[in-house]
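Dear colleague,

Please find below the structure that I am handing over to you. My notes on it follow directly after.

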Amino acid sequence: MLGAKASKNATFTLFFLSILKGIVGFYSGSAALIADAIHTSLDIFTSLAVWIGLKLSLKGSEEKFPYGYYKADNLVSLFVSIIILFSGFELVREALLNITNPVEVKMQGIALGTAVFSVVVMYALSQYKFKVGKQIDSQALIADALHSYTDVFSSLIVAITIIGSVLGVLWLDSVGVLVISLMIFKLGIGIAKDSIMTLMDAWLDKDSIRRIRQNVGSIQGVKTVGEIRLRKSGLVVFGEIEIEIEGDANLKRVEMLSEEIEKIVENEVKNLEHLVVNAKPGKMSVMKIAVPILMQEGLHSKISRHFGKAPYFIFIELEDSKIKSWDISENPASDLEKKRGLKTTEFLKNRGINVLIVGEIGESPFHNLHDSFVKMLQMPEAVEDVEKVVEKISELGTLTEPTE
(Lines give C-alpha, C1' and ligand atoms only; values in the text may rest on other atoms or scores of the structure.)
Protein backbone atom coordinates (compact mmCIF):
# COMPACT_ATOMS: atom_id res chain seq x y z
CA MET A 1 0.00 0.00 0.00
CA LEU A 2 1.13 3.56 -0.78
CA GLY A 3 0.73 4.83 2.80
CA ALA A 4 2.67 1.95 4.37
CA LYS A 5 5.44 2.42 1.78
CA ALA A 6 5.67 6.16 2.59
CA SER A 7 5.99 5.45 6.33
CA LYS A 8 8.62 2.79 5.63
CA ASN A 9 10.69 5.17 3.47
CA ALA A 10 10.37 7.89 6.14
CA THR A 11 11.60 5.51 8.83
CA PHE A 12 14.81 4.68 6.92
CA THR A 13 15.44 8.38 6.18
CA LEU A 14 14.99 9.38 9.82
CA PHE A 15 17.27 6.56 10.97
CA PHE A 16 20.03 7.86 8.67
CA LEU A 17 19.55 11.47 9.88
CA SER A 18 19.58 10.56 13.58
CA ILE A 19 22.85 8.63 13.19
CA LEU A 20 24.45 11.47 11.19
CA LYS A 21 23.42 14.20 13.66
CA GLY A 22 24.40 12.05 16.65
CA ILE A 23 27.93 11.42 15.33
CA VAL A 24 28.55 15.04 14.26
CA GLY A 25 27.02 16.34 17.52
CA PHE A 26 29.26 14.09 19.59
CA TYR A 27 32.51 15.11 17.87
CA SER A 28 31.60 18.81 17.58
CA GLY A 29 30.35 19.11 21.15
CA SER A 30 27.00 20.54 19.99
CA ALA A 31 24.41 19.67 22.65
CA ALA A 32 21.65 21.03 20.41
CA LEU A 33 22.69 18.72 17.56
CA ILE A 34 22.77 15.72 19.92
CA ALA A 35 19.34 16.68 21.29
CA ASP A 36 18.05 16.99 17.74
CA ALA A 37 19.42 13.54 17.00
CA ILE A 38 17.49 12.17 19.99
CA HIS A 39 14.44 14.08 18.77
CA THR A 40 14.75 12.51 15.33
CA SER A 41 15.11 9.06 16.85
CA LEU A 42 11.73 9.66 18.48
CA ASP A 43 10.37 10.34 14.99
CA ILE A 44 11.60 6.90 13.92
CA PHE A 45 9.42 5.41 16.62
CA THR A 46 6.49 7.59 15.47
CA SER A 47 6.86 6.59 11.81
CA LEU A 48 7.08 2.94 12.79
CA ALA A 49 3.88 3.34 14.78
CA VAL A 50 2.13 4.91 11.77
CA TRP A 51 3.41 2.09 9.58
CA ILE A 52 2.06 -0.53 12.01
CA GLY A 53 -1.26 1.34 12.24
CA LEU A 54 -1.67 1.41 8.46
CA LYS A 55 -0.80 -2.28 8.22
CA LEU A 56 -3.35 -3.15 10.93
CA SER A 57 -6.06 -1.04 9.27
CA LEU A 58 -5.68 -3.12 6.09
CA LYS A 59 -6.54 -6.38 7.85
CA GLY A 60 -9.89 -7.84 6.89
CA SER A 61 -12.88 -8.05 9.21
CA GLU A 62 -13.42 -11.03 11.49
CA GLU A 63 -15.89 -12.17 14.12
CA LYS A 64 -14.31 -10.15 16.91
CA PHE A 65 -13.83 -7.05 14.71
CA PRO A 66 -16.74 -7.09 12.21
CA TYR A 67 -15.88 -3.57 11.01
CA GLY A 68 -12.21 -4.41 10.49
CA TYR A 69 -9.13 -2.77 12.02
CA TYR A 70 -9.58 0.59 10.33
CA LYS A 71 -9.57 2.56 13.59
CA ALA A 72 -6.01 1.47 14.26
CA ASP A 73 -5.08 4.40 11.99
CA ASN A 74 -6.98 6.83 14.25
CA LEU A 75 -5.44 5.38 17.40
CA VAL A 76 -1.98 5.85 15.92
CA SER A 77 -2.90 9.42 14.99
CA LEU A 78 -3.72 10.08 18.64
CA PHE A 79 -0.41 8.50 19.65
CA VAL A 80 1.44 10.76 17.18
CA SER A 81 -0.20 13.83 18.75
CA ILE A 82 1.15 12.76 22.15
CA ILE A 83 4.65 12.41 20.62
CA ILE A 84 4.32 15.92 19.16
CA LEU A 85 3.42 17.33 22.59
CA PHE A 86 6.32 15.44 24.14
CA SER A 87 8.62 16.93 21.48
CA GLY A 88 7.41 20.39 22.49
CA PHE A 89 8.37 19.78 26.11
CA GLU A 90 11.73 18.41 24.94
CA LEU A 91 12.45 21.59 22.98
CA VAL A 92 11.55 23.76 25.99
CA ARG A 93 13.98 21.74 28.08
CA GLU A 94 16.68 22.26 25.44
CA ALA A 95 16.03 26.01 25.45
CA LEU A 96 16.34 26.25 29.22
CA LEU A 97 19.58 24.24 29.18
CA ASN A 98 21.05 26.49 26.50
CA ILE A 99 20.22 29.59 28.52
CA THR A 100 21.90 28.30 31.71
CA ASN A 101 24.74 26.34 30.08
CA PRO A 102 25.80 27.98 26.80
CA VAL A 103 28.53 26.12 24.87
CA GLU A 104 30.71 26.96 21.92
CA VAL A 105 30.53 24.45 19.08
CA LYS A 106 33.66 22.90 17.54
CA MET A 107 33.89 21.85 13.89
CA GLN A 108 31.40 24.63 13.21
CA GLY A 109 31.41 24.21 9.40
CA ILE A 110 30.61 20.49 9.50
CA ALA A 111 28.04 20.98 12.27
CA LEU A 112 26.32 23.83 10.37
CA GLY A 113 26.33 21.80 7.15
CA THR A 114 24.73 18.87 8.96
CA ALA A 115 22.03 21.11 10.42
CA VAL A 116 21.23 22.71 7.05
CA PHE A 117 21.19 19.29 5.38
CA SER A 118 18.76 18.10 8.07
CA VAL A 119 16.46 21.11 7.41
CA VAL A 120 16.30 20.31 3.69
CA VAL A 121 15.74 16.58 4.17
CA MET A 122 13.08 17.03 6.87
CA TYR A 123 11.18 19.55 4.73
CA ALA A 124 11.25 17.23 1.70
CA LEU A 125 10.18 14.30 3.90
CA SER A 126 7.25 16.20 5.42
CA GLN A 127 6.01 17.25 1.97
CA TYR A 128 6.30 13.66 0.70
CA LYS A 129 4.29 12.23 3.59
CA PHE A 130 1.69 14.99 3.43
CA LYS A 131 1.16 14.41 -0.30
CA VAL A 132 0.73 10.65 0.15
CA GLY A 133 -1.47 11.17 3.24
CA LYS A 134 -3.81 13.46 1.29
CA GLN A 135 -3.84 11.06 -1.65
CA ILE A 136 -5.01 8.10 0.46
CA ASP A 137 -6.84 10.29 3.03
CA SER A 138 -4.86 8.89 5.98
CA GLN A 139 -5.27 10.98 9.13
CA ALA A 140 -2.29 9.30 10.79
CA LEU A 141 0.09 9.91 7.86
CA ILE A 142 -0.99 13.56 7.57
CA ALA A 143 -0.42 13.99 11.31
CA ASP A 144 3.02 12.43 10.95
CA ALA A 145 3.77 14.76 8.01
CA LEU A 146 2.88 17.79 10.14
CA HIS A 147 5.11 16.42 12.88
CA SER A 148 7.98 16.14 10.39
CA TYR A 149 7.29 19.74 9.38
CA THR A 150 7.85 20.87 13.00
CA ASP A 151 11.18 19.03 12.87
CA VAL A 152 12.22 21.41 10.09
CA PHE A 153 12.09 24.21 12.67
CA SER A 154 13.87 22.03 15.18
CA SER A 155 16.77 21.53 12.75
CA LEU A 156 16.65 25.22 11.84
CA ILE A 157 17.08 26.08 15.51
CA VAL A 158 20.21 23.93 15.58
CA ALA A 159 21.58 25.88 12.61
CA ILE A 160 20.80 29.17 14.39
CA THR A 161 22.52 27.84 17.52
CA ILE A 162 25.69 27.09 15.56
CA ILE A 163 25.57 30.49 13.82
CA GLY A 164 25.11 32.09 17.25
CA SER A 165 28.16 30.20 18.50
CA VAL A 166 30.18 31.56 15.56
CA LEU A 167 29.02 35.13 16.34
CA GLY A 168 29.43 34.70 20.11
CA VAL A 169 25.66 35.01 20.78
CA LEU A 170 25.09 31.70 22.55
CA TRP A 171 21.55 32.41 23.85
CA LEU A 172 20.10 33.17 20.40
CA ASP A 173 18.45 29.81 19.87
CA SER A 174 16.65 29.72 23.24
CA VAL A 175 14.02 32.37 22.43
CA GLY A 176 13.30 30.73 19.08
CA VAL A 177 12.93 27.31 20.72
CA LEU A 178 10.33 28.64 23.16
CA VAL A 179 8.27 30.26 20.37
CA ILE A 180 8.35 27.12 18.23
CA SER A 181 7.38 25.04 21.26
CA LEU A 182 4.11 27.00 21.49
CA MET A 183 3.43 26.20 17.82
CA ILE A 184 4.11 22.52 18.46
CA PHE A 185 1.78 22.46 21.47
CA LYS A 186 -1.00 24.01 19.39
CA LEU A 187 -0.43 21.50 16.59
CA GLY A 188 -0.36 18.51 18.95
CA ILE A 189 -3.54 19.58 20.76
CA GLY A 190 -5.32 20.11 17.42
CA ILE A 191 -4.40 16.65 16.10
CA ALA A 192 -5.28 15.02 19.44
CA LYS A 193 -8.70 16.71 19.38
CA ASP A 194 -9.44 15.54 15.83
CA SER A 195 -8.27 12.01 16.62
CA ILE A 196 -10.44 11.77 19.74
CA MET A 197 -13.48 13.18 17.91
CA THR A 198 -13.00 10.64 15.09
CA LEU A 199 -12.60 7.76 17.54
CA MET A 200 -15.88 8.88 19.13
CA ASP A 201 -17.54 8.73 15.66
CA ALA A 202 -17.97 12.50 15.40
CA TRP A 203 -18.35 13.87 11.86
CA LEU A 204 -16.69 17.28 11.59
CA ASP A 205 -17.58 18.19 7.99
CA LYS A 206 -21.10 19.61 8.41
CA ASP A 207 -21.11 21.12 4.90
CA SER A 208 -20.88 17.66 3.31
CA ILE A 209 -23.97 16.55 5.29
CA ARG A 210 -25.87 19.61 4.07
CA ARG A 211 -24.91 18.97 0.43
CA ILE A 212 -25.79 15.25 0.67
CA ARG A 213 -29.20 16.09 2.15
CA GLN A 214 -29.90 18.60 -0.59
CA ASN A 215 -28.79 16.33 -3.47
CA VAL A 216 -30.54 13.21 -2.15
CA GLY A 217 -33.73 15.22 -1.59
CA SER A 218 -33.73 16.20 -5.28
CA ILE A 219 -33.84 12.55 -6.46
CA GLN A 220 -37.12 11.62 -8.07
CA GLY A 221 -39.03 9.33 -5.74
CA VAL A 222 -37.44 10.61 -2.51
CA LYS A 223 -40.05 12.46 -0.48
CA THR A 224 -38.01 13.47 2.57
CA VAL A 225 -34.48 12.87 3.83
CA GLY A 226 -34.22 11.91 7.47
CA GLU A 227 -31.12 11.44 9.61
CA ILE A 228 -27.72 11.16 7.92
CA ARG A 229 -24.93 9.47 9.89
CA LEU A 230 -21.33 9.35 8.71
CA ARG A 231 -18.34 8.12 10.67
CA LYS A 232 -14.71 7.82 9.72
CA SER A 233 -12.82 4.67 10.61
CA GLY A 234 -9.17 4.87 9.63
CA LEU A 235 -8.94 5.45 5.90
CA VAL A 236 -12.59 4.63 5.16
CA VAL A 237 -16.04 6.04 5.90
CA PHE A 238 -19.19 4.17 6.93
CA GLY A 239 -22.57 5.82 6.45
CA GLU A 240 -26.27 5.48 7.10
CA ILE A 241 -29.11 7.55 5.65
CA GLU A 242 -32.85 7.47 6.29
CA ILE A 243 -35.28 8.42 3.53
CA GLU A 244 -39.02 8.47 3.03
CA ILE A 245 -40.03 7.52 -0.50
CA GLU A 246 -43.07 8.06 -2.60
CA GLY A 247 -45.10 4.90 -3.16
CA ASP A 248 -44.26 1.43 -1.89
CA ALA A 249 -40.84 0.59 -0.41
CA ASN A 250 -40.41 -2.62 -2.38
CA LEU A 251 -36.99 -4.23 -2.82
CA LYS A 252 -36.41 -3.21 -6.43
CA ARG A 253 -37.34 0.40 -5.82
CA VAL A 254 -35.14 0.69 -2.73
CA GLU A 255 -32.26 -0.90 -4.63
CA MET A 256 -32.60 1.63 -7.46
CA LEU A 257 -32.66 4.56 -5.04
CA SER A 258 -29.79 3.16 -2.97
CA GLU A 259 -27.50 3.04 -6.00
CA GLU A 260 -28.26 6.64 -6.89
CA ILE A 261 -27.87 7.82 -3.28
CA GLU A 262 -24.54 6.00 -2.94
CA LYS A 263 -23.17 7.81 -5.99
CA ILE A 264 -24.14 11.15 -4.47
CA VAL A 265 -22.46 10.33 -1.14
CA GLU A 266 -19.32 9.05 -2.92
CA ASN A 267 -19.03 12.43 -4.67
CA GLU A 268 -18.99 14.17 -1.29
CA VAL A 269 -17.05 11.68 0.85
CA LYS A 270 -13.70 10.09 0.05
CA ASN A 271 -13.18 6.35 0.58
CA LEU A 272 -16.82 5.46 1.26
CA GLU A 273 -16.64 1.82 2.35
CA HIS A 274 -20.31 1.06 3.00
CA LEU A 275 -23.60 2.97 2.99
CA VAL A 276 -26.86 1.70 4.49
CA VAL A 277 -30.04 3.25 3.07
CA ASN A 278 -33.08 2.83 5.32
CA ALA A 279 -36.17 3.53 3.19
CA LYS A 280 -39.77 3.66 4.32
CA PRO A 281 -42.89 4.46 2.31
CA GLY A 282 -44.22 7.96 2.70
CA LYS A 283 -47.84 8.80 3.32
CA MET A 284 -49.53 10.60 0.45
CA SER A 285 -51.09 13.75 1.83
CA VAL A 286 -52.74 14.38 -1.54
CA MET A 287 -53.45 11.54 -3.95
CA LYS A 288 -53.39 12.54 -7.61
CA ILE A 289 -55.40 9.73 -9.19
CA ALA A 290 -55.82 8.85 -12.85
CA VAL A 291 -58.67 6.58 -14.01
CA PRO A 292 -59.21 5.54 -17.67
CA ILE A 293 -62.82 6.22 -18.79
CA LEU A 294 -65.00 5.67 -21.85
CA MET A 295 -66.88 8.99 -21.93
CA GLN A 296 -66.91 12.47 -20.44
CA GLU A 297 -69.63 12.28 -17.77
CA GLY A 298 -67.72 13.61 -14.80
CA LEU A 299 -67.55 11.44 -11.69
CA HIS A 300 -70.29 9.24 -13.14
CA SER A 301 -68.22 8.35 -16.21
CA LYS A 302 -68.00 4.69 -17.13
CA ILE A 303 -64.55 3.26 -16.54
CA SER A 304 -62.36 1.70 -19.22
CA ARG A 305 -60.51 -1.41 -18.24
CA HIS A 306 -57.77 -0.98 -20.84
CA PHE A 307 -54.91 1.41 -20.26
CA GLY A 308 -53.70 2.61 -23.66
CA LYS A 309 -56.99 2.28 -25.58
CA ALA A 310 -58.99 4.40 -23.11
CA PRO A 311 -60.27 7.51 -24.98
CA TYR A 312 -60.22 9.67 -21.84
CA PHE A 313 -58.71 9.89 -18.38
CA ILE A 314 -60.28 11.52 -15.38
CA PHE A 315 -57.80 13.12 -12.94
CA ILE A 316 -58.92 13.36 -9.33
CA GLU A 317 -57.22 15.03 -6.35
CA LEU A 318 -58.12 13.17 -3.18
CA GLU A 319 -57.28 14.66 0.21
CA ASP A 320 -58.23 12.95 3.49
CA SER A 321 -60.44 10.53 1.50
CA LYS A 322 -62.42 13.45 0.07
CA ILE A 323 -62.47 14.57 -3.57
CA LYS A 324 -60.84 17.99 -3.70
CA SER A 325 -61.03 18.53 -7.48
CA TRP A 326 -61.28 16.66 -10.78
CA ASP A 327 -60.95 17.20 -14.52
CA ILE A 328 -61.10 15.10 -17.69
CA SER A 329 -58.57 15.04 -20.55
CA GLU A 330 -58.56 13.19 -23.82
CA ASN A 331 -55.94 10.45 -24.17
CA PRO A 332 -53.72 11.69 -27.05
CA ALA A 333 -52.40 8.18 -27.71
CA SER A 334 -55.67 6.17 -27.86
CA ASP A 335 -55.78 6.06 -31.69
CA LEU A 336 -52.08 5.30 -32.22
CA GLU A 337 -51.06 1.99 -33.78
CA LYS A 338 -47.53 1.94 -32.29
CA LYS A 339 -46.17 2.92 -28.89
CA ARG A 340 -49.66 3.64 -27.59
CA GLY A 341 -48.81 2.46 -24.07
CA LEU A 342 -45.59 4.49 -23.94
CA LYS A 343 -47.26 7.70 -25.14
CA THR A 344 -50.10 7.24 -22.67
CA THR A 345 -47.54 6.77 -19.91
CA GLU A 346 -45.77 10.02 -20.84
CA PHE A 347 -49.13 11.81 -20.89
CA LEU A 348 -49.96 10.63 -17.34
CA LYS A 349 -46.48 11.39 -15.99
CA ASN A 350 -46.73 14.93 -17.34
CA ARG A 351 -49.92 15.34 -15.34
CA GLY A 352 -47.97 14.49 -12.17
CA ILE A 353 -50.10 11.58 -10.98
CA ASN A 354 -49.01 9.35 -8.11
CA VAL A 355 -51.85 6.77 -8.29
CA LEU A 356 -53.30 4.94 -11.29
CA ILE A 357 -56.42 2.76 -11.08
CA VAL A 358 -56.32 0.37 -14.04
CA GLY A 359 -57.69 -2.97 -15.17
CA GLU A 360 -55.32 -4.07 -17.92
CA ILE A 361 -51.80 -2.68 -18.45
CA GLY A 362 -48.88 -3.94 -20.53
CA GLU A 363 -45.33 -4.64 -19.47
CA SER A 364 -43.66 -1.50 -20.83
CA PRO A 365 -46.06 1.10 -19.35
CA PHE A 366 -46.24 -0.85 -16.07
CA HIS A 367 -42.46 -0.76 -15.51
CA ASN A 368 -42.20 2.82 -16.72
CA LEU A 369 -44.80 4.04 -14.24
CA HIS A 370 -43.47 1.77 -11.49
CA ASP A 371 -39.96 3.19 -11.90
CA SER A 372 -41.48 6.69 -11.72
CA PHE A 373 -42.98 5.81 -8.32
CA VAL A 374 -46.60 5.75 -9.48
CA LYS A 375 -48.71 3.41 -7.35
CA MET A 376 -50.96 1.19 -9.51
CA LEU A 377 -54.19 -0.17 -8.04
CA GLN A 378 -56.29 -3.01 -9.45
CA MET A 379 -59.59 -1.80 -10.86
CA PRO A 380 -62.54 -3.75 -9.29
CA GLU A 381 -64.52 -6.09 -11.53
CA ALA A 382 -68.08 -5.27 -10.46
CA VAL A 383 -67.85 -1.46 -10.30
CA GLU A 384 -68.24 0.65 -13.45
CA ASP A 385 -68.74 4.16 -12.04
CA VAL A 386 -65.71 6.40 -11.30
CA GLU A 387 -67.16 7.82 -8.10
CA LYS A 388 -67.84 4.34 -6.69
CA VAL A 389 -64.29 3.22 -7.60
CA VAL A 390 -62.83 6.16 -5.70
CA GLU A 391 -65.01 5.38 -2.69
CA LYS A 392 -63.48 1.88 -2.58
CA ILE A 393 -59.87 3.05 -3.12
CA SER A 394 -58.73 1.91 0.34
CA GLU A 395 -59.92 -1.62 -0.50
CA LEU A 396 -58.16 -1.90 -3.85
CA GLY A 397 -55.15 -4.19 -4.21
CA THR A 398 -51.77 -3.01 -5.51
CA LEU A 399 -50.59 -4.28 -8.91
CA THR A 400 -47.19 -5.93 -8.56
CA GLU A 401 -46.79 -7.03 -12.19
CA PRO A 402 -48.22 -6.31 -15.67
CA THR A 403 -51.60 -7.81 -16.48
CA GLU A 404 -50.97 -8.20 -20.23
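This is a predicted model: local features need pLDDT of at least 70, side-chain atom pairs count only at pLDDT 80 or more; totals for chains, interfaces and linings use all residues.

Residues are numbered from 1 along each chain as its sequence is written, and side-chain values use heavy atoms, with hydrogens and water left out.

Five strands form an open sheet in the order 6-5-4-7-8, with mixed pairing. Strands (E, at least two residues) and helices (H or I, at least four) are DSSP runs numbered from the N terminus, and two strands pair if DSSP finds at least two bridges between them. Strand 6 (322-330) and strand 8 (375-378) each have a single partner strand, so one side of each is left without a neighbour in the sheet. Strand 5 (residues 312-319) pairs with strand 6 in the antiparallel sense over eight bridges; Glu 317 stands opposite Ser 325 in strand 6.

Ser 154 lies in helix 5 (residues 139-167). Its relative accessibility is 3%, and it therefore counts as buried (under 20% relative accessible area, 1.4 Å probe, protein chains only). Between Ser 154 and Met 122 there are 32 residues in sequence and 9.7 Å in space, C-alpha to C-alpha.

Yours sincerely

Key:
Buried means under 20% relative accessible area, exposed over 50%, partly exposed in between (1.4 Å probe, protein chains only).
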